[in-house]
Amino acid sequence: MGPPQTRDTRPSCSSSATSHSDGPRLPRGREHQFIYRNGAKLHAYDRDKAPYPSSFDRDVVELQCMDNAMIVAAKGSASFINFKDRPPRRCLDIGTGLGLWVLSCAKAWPNSTFVGLDMVNIQVPQQFLEPDLADRVEWVHTNILRNKLPFDDDEFDHVHIQCLALGIPENKWHSVFAEVHRVMKPGATIEILEEDAIFPVLPRWYTDPLRAHARSPSTLYPGSVQQPLSYPAPHDTSKLAHEHELLETLYHDVWAERFINPTPSSCIPGYFSAFFERVLVPPVMNFSTPPLAPFAPLPEMSGGPRRTLGGSAPGMQRANSGSSAASAPSPSVSSLLSPLMTDNVLDLSLSHTQSHPHPHSHSPTSTQPTSVASVKSTLSPSPSLSSLHQERGANGNGNGSVPGNGFGPEDGPGNEHGHGHGPGLGRPVRRDSEARSVRSTASQAGSHSSGSSFAKASRRPSVMLLAPSAESTSVGGEDAIDLVPLGGLQEQAEHAQFMHLYRAVTFVLSTKEAMWEELRARVGRRDDALRRFGWREQDYTEKASRARFELAVDQYQSDMRGRIALWHSVVKNGWALPPRDPLTKAEAAEEMRLREDILAAQARADTGEPEPPCRKVRLIFGAKEC
């Protein structure tokens, strides 16, 4: 027998709990267990008890870090509510995940205590927290769809909920909000941040050239391992809406079969307003799909001189040389495709058409950012405070005084004057049928197309745009708008758009095993609809269908890897360009032809219409009646 094997016992916030014979046995509830299926880390609850379909793989869980960092950078706090010098004393975070909201707020509010609640144990272990934080932070695990919240009535001053909706069946919202309402103190505040389940789609002008060059080397992603990026289409997809329609269909099946509304931005406000008062609902925040990224510099060719990212194309001036972009020589298409192209060269090429616009191009950077003033100027007036006072008096609710609850325009940055009734949710909003909805239309001018890469207007696109009035109804007027950090979100670097697309695609891929369950069900009932996607008689077996499914997922992931161009964001943030293996002259020529074909197809297909957003996020605020 060989030497006994030892296990690495280092704790991890993303690993399931294990028990060891030389120590106390750790709890073995479902919250501490995970199921590994085809490489995916899934929760151990039965589907009917916890229908949340996403995996808990490391790359998926770490998306929470990106969202938390974005909010803190844009708002200056993990909470959208400005409590000023009166933060809530006891807070509950439902769907806490890693516990990042709890930890961020615990550092900002040193006199507050926190409870982070989730159905799985993936939080940062308390032994790794600073002593002061560990004393004020508690992790609790329960399935809120099956159990009541394990807290007393009227216990919390503030409740935070984020990214919970895609695990809640639509017929469970009343019971969930009833429990949340129960544990809140009178006058306590609540904030919700939820995101729609969007399946990012690649246009034909992008995927058709990839299929035509199906046997080319890795084209757009400069990975350290050479691998095919393009996959041959297993069947004729010309009659499909897009190349990856099968996965999109399965993705929608995931939500439909679990009775989960994939667009919580549209349904939650109605359920929410039945339980809470002084509701504020800003317009939906649409995060723009990024324009086509610059192509990565080609690696050195076999037997040729090494070419680095720091090189510059002949006749091109560096952006930091002191000369303006307008004075630089105009780049040709061939220079844009050159292995010597750098990010600065691309910036010069994009600025070329400020004075010489292409007649059929639509600039990916032509957006006029939506300002706070422009949004407010288009809002319908919210009910006045006096009208609410009158309504309260008419309904027998006393003199209509409005208790303060810690947020509203009078508490927002840059506003030092209150409205005479103390800090609160701003002007209360009527909840009867006559209450007027507030809509924002200013963002219509901010839409953009990821069309031709040869045009650039004077202003870059906004990373986030408020949804137009035809798509999103808001409640609360200026009070609601003041809670959205428009300036902080729109001032993000343009390459942040690629990270938002990466987040959306990663979440889609995190539901891979849930999508497979839906496909397996279709195969089991021999669904004829699968024939549209190339299913033949011999493919209606689990083994054959799994093989086709894996190919479809790999193709989508590979195509999206090139579209996201993660190397672009990496380099923009100061990291070195990831290396690639050298190419032969034939491989380099093939890759150049593919790049030319993509640009040509894009120019032919560009209609100037904006691409749909890659993310839609809804904020909702309210309070428990006093």
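## Contacts and overall make-up

Start with how the chain folds back on itself: of its contacts (heavy atoms within 4.5 Å) with a separation of 6 or more, 79% are between residues 24 or more positions apart. This is a predicted model, where local features need pLDDT of at least 70, side-chain atom pairs count only at pLDDT 80 or more, and totals for chains, interfaces and linings use all residues. Residues are numbered from 1 along each chain as its sequence is written, and side-chain values use heavy atoms, with hydrogens and water left out.

There are 19 helices and 13 strands in the chain, taken as DSSP runs (H or I, at least four residues, for helices; E, at least two, for strands) and numbered from the N terminus.

## Burial and surface

Out of 626 residues, 53% are buried, meaning under 20% relative accessible area with a 1.4 Å probe, protein chains only. The chain exposes about 27,700 Å² (Shrake-Rupley, 1.4 Å probe), and 51% of that comes from carbon and sulfur atoms.

## The cavities

Searching the whole structure turns up four cavities of 30 Å³ or more. A cavity here is a set of points on a 1 Å grid over the protein atoms alone where a 1.4 Å probe fits but cannot get out, and lining residues have an atom within 4 Å of a point.

Helix 2 (63-75) is among the elements giving at least two lining residues, as are strand 6 (156-162) and helix 15 (496-510). Helix 2 makes the largest contribution, with five residues. By type, the lining has 27 nonpolar, 13 polar and seven charged residues; Ala, Val, Leu, Ile, Met, Phe, Trp, Tyr, Cys and Pro count as nonpolar, Asp, Glu, Lys and Arg as charged, and the others, Gly among them, as polar.

Methods
On a 1 Å grid over the protein atoms alone, a cavity is a set of points where a 1.4 Å probe fits but cannot get out, and a pocket is an open set with protein on both sides within 12 Å along at least five of seven lines; lining residues have an atom within 4 Å of a point. Grid points are joined across faces, edges and corners, and a volume is the space filled by probe spheres set on the points. Buried means under 20% relative accessible area, exposed over 50%, partly exposed in between (1.4 Å probe, protein chains only).
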